[in-house]
Amino acid sequence: SSLLAVVQYAPSTPLLASVTSNTLAAVDATHLTIAFTAASTQTLVRLTGVYGSTSGEMGWALLDHTTHTQVGFTTALGTGVNNGLESAAFLIEGLVSGDLYQYDWAHCVSYSTGYLFVVGETGAPTGNPGGPAIMEAWAA
């Protein structure tokens, strides 16, 4: 497998992206989106970030950047977790080799409130929960 694209979002001002709906929505279609040219009919897209929820089960997925429709499945991250580091992989099938694709990081929560904590810090933590959000696209 070869790396087709990688995106890291690590703002100096912490981003607390919250969600209160069980409907998938893009977290940040400007900064948390990945574009790649498919090398085959399959691509593995991995999301890595720090999440939390007050009590509901968080879900991560991918949305097509243009149509906003879900691509692949939803990964359930857990219930009532406070500031957990998670990585979720999505095998996207049925692609056309040589075509350009772009997907947005999406999230939802079964009930209550869920969060994605995004920040770029160096040295000792300064009390901000979170870390960089990373999206990777790999030839499968």
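Trainee: How many aromatic pairs does the count come to?

Mentor: This is a predicted model. Rings of Phe, Tyr and Trp pair if their centres lie within 6.5 Å. By this rule the count comes to 6 aromatic pairs.

Trainee: Take tyrosine 51 and tryptophan 60. Is the pair stacked, tilted or edge-to-face?

Mentor: The ring centres of tyrosine 51 and tryptophan 60 are 6.1 Å apart. Planes over 60 degrees apart count as edge-to-face. The planes here stand at 75°, so the pair is edge-to-face.

Trainee: Is tyrosine 51 buried or exposed?

Mentor: Buried means under 20% relative accessible area. Tyrosine 51 has 3%, so the residue is buried.

Trainee: And tryptophan 60, buried or exposed?

Mentor: The cut-off for buried is again under 20%. The relative accessible area of tryptophan 60 is 0%, so this residue is buried.

Trainee: Tyrosine 101 and tyrosine 103 also form an aromatic pair. Which class, stacked, tilted or edge-to-face?

Mentor: Their centres are 6.4 Å apart, with 40° between the planes. Under 30 degrees would be stacked and over 60 edge-to-face. Both tyrosine 101 and tyrosine 103 are buried. The class of their pair is tilted.

Trainee: Which residues do ring pairs link into a cluster with Tyr101?

Mentor: Tyr101 pairs with Tyr103 in the tilted arrangement. Ring pairs build a cluster from Tyr101 together with Tyr103 and Phe36.

Trainee: Where does aspartate 64 lie, and which side chain of opposite charge is nearest?

Mentor: Aspartate 64 belongs to the strand spanning residues 57-64, β6. Aspartate 64 is buried, yet has no salt bridge. A salt bridge needs a distance within 4 Å. The nearest side chain of opposite charge is 20 Å away: arginine 46.

Trainee: Leaving aside neighbours within four places in sequence, what is aspartate 64 in contact with?

Mentor: One of its contacts, Tyr103, also belongs to the ring cluster.

Trainee: What separates the C-alpha atoms of serine 2 and alanine 140?

Mentor: Serine 2 sits in the segment before β1. Leaving aside neighbours within four places, serine 2 is in contact with Ala137, Trp138 and Ala139. Serine 2 and alanine 140 are 138 residues apart along the chain, but their C-alpha separation is 8.0 Å.

Note on methods. Residues numbered from 1 in each chain as written. Predicted model: local features only at pLDDT ≥ 70, side-chain atom pairs only at ≥ 80, totals over all residues. Heavy atoms only, no water. Buried < 20%, exposed > 50% of the residue type's maximum accessible area, 1.4 Å probe, protein only. Helix = DSSP H or I, 4+ residues; strand = E, 2+ residues; numbered from the N terminus. Lys, Arg positive; Asp, Glu negative; His and termini not counted. Contact = heavy atoms within 4.5 Å.
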